[in-house]
Amino acid sequence: MSEIFVYPAAHCIAGVDEVGRGPLVGAVVTAAVILDPARPIAGLADSKKLSEKRRLALFDEITEKALAWSLGRAEPEEIDQLNILHATMLAMQRAVAGLAVTPDMVLIDGNRCPALPMAAQAVVKGDSRVAEISAASILAKVTRDREMAALDQQFPDYGFAQHKGYPTAFHLERLAQFGATIHHRRSFGPVRRALALPPR
């Protein structure tokens, strides 16, 4: 990983990433991580490029070794009220606000930054380029995947543990067959159609 160096004055950098913008069900989950230079973590990478076993091992190592870490989220109701972009920005703000250590610089995966009380910069493909963002992507993905596995126990007909709420053919088929759960995002087209709601 080639970690980028953005602000020479920044001595405490937090990385932020999200998981769950595309799914039809569940929260969008974000994480913020400040790594400890004295306790390096080998093998950090974009969570999507890691095996589940490796992600789980790194999740435990990150939560043990990081100087600070925090999770944020926006629930389906907030996504429906705000839209997915604004809900994601809110969830990122919550993750940063939850850090026990206040960073002086925040690096955000993607091309947009939420409004924050400290300097922030968006980094395209940051989950592959910045160790702190990679760590955040791992925490967010493992957390959301666990939530989808728990939801699968509640609603076994939908296959949430397999597709994680994304609009796969199987998910769309089950949505049409069984209707939406209380955890589905009602503003998303396939869910709205399943509920026969008028367009927003």
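**Sheet, helix packing and a charged pocket**

Strand S1 is joined to strand S4 (residues 105-109) by four bridges, and the two strands run parallel, strands here being DSSP runs of E with at least two residues and helices runs of H or I with at least four, each numbered from the N terminus. The model is a predicted one, in which local features need pLDDT of at least 70 and side-chain atom pairs count only at pLDDT 80 or more, while totals for chains, interfaces and linings use all residues. Residues are numbered from 1 along each chain as its sequence is written, and side-chain values use heavy atoms, with hydrogens and water left out.

The open sheet comprises five strands in the order S3-S2-S1-S4-S5, with mixed pairing, where two strands count as paired if DSSP finds at least two bridges between them. Its edge strands, S3 (68-74) and S5 (119-123), each pair on one side only.

Helix H1 (residues 52-65) and helix H5 approach each other with their axes within 9 Å, crossing at roughly 115 degrees; the axes are lines fitted to C-alpha atoms over the stretch in contact, and angles run from 0 to 180 degrees between N-to-C directions. The contact (heavy atoms within 4.5 Å) includes Leu 56, Phe 59 and Ile 62 of H1 and Ile 138, Leu 139 and Val 142 of H5. By class, eight nonpolar, two polar and four charged residues make up this contact, with Ala, Val, Leu, Ile, Met, Phe, Trp, Tyr, Cys and Pro taken as nonpolar, Asp, Glu, Lys and Arg as charged, and the others, Gly among them, as polar.

H5 also gives the most to the lining of the second largest pocket, with four residues. This lining has 16 residues, of which Glu 18, Val 19, Gly 20, Lys 48 and Tyr 166 lie nearest the pocket centre; a pocket is an open set of points on a 1 Å grid over the protein atoms alone, where a 1.4 Å probe fits, with protein on both sides within 12 Å along at least five of seven lines, and lining residues have an atom within 4 Å of a point. By class, the lining has two nonpolar, three polar and 11 charged residues.
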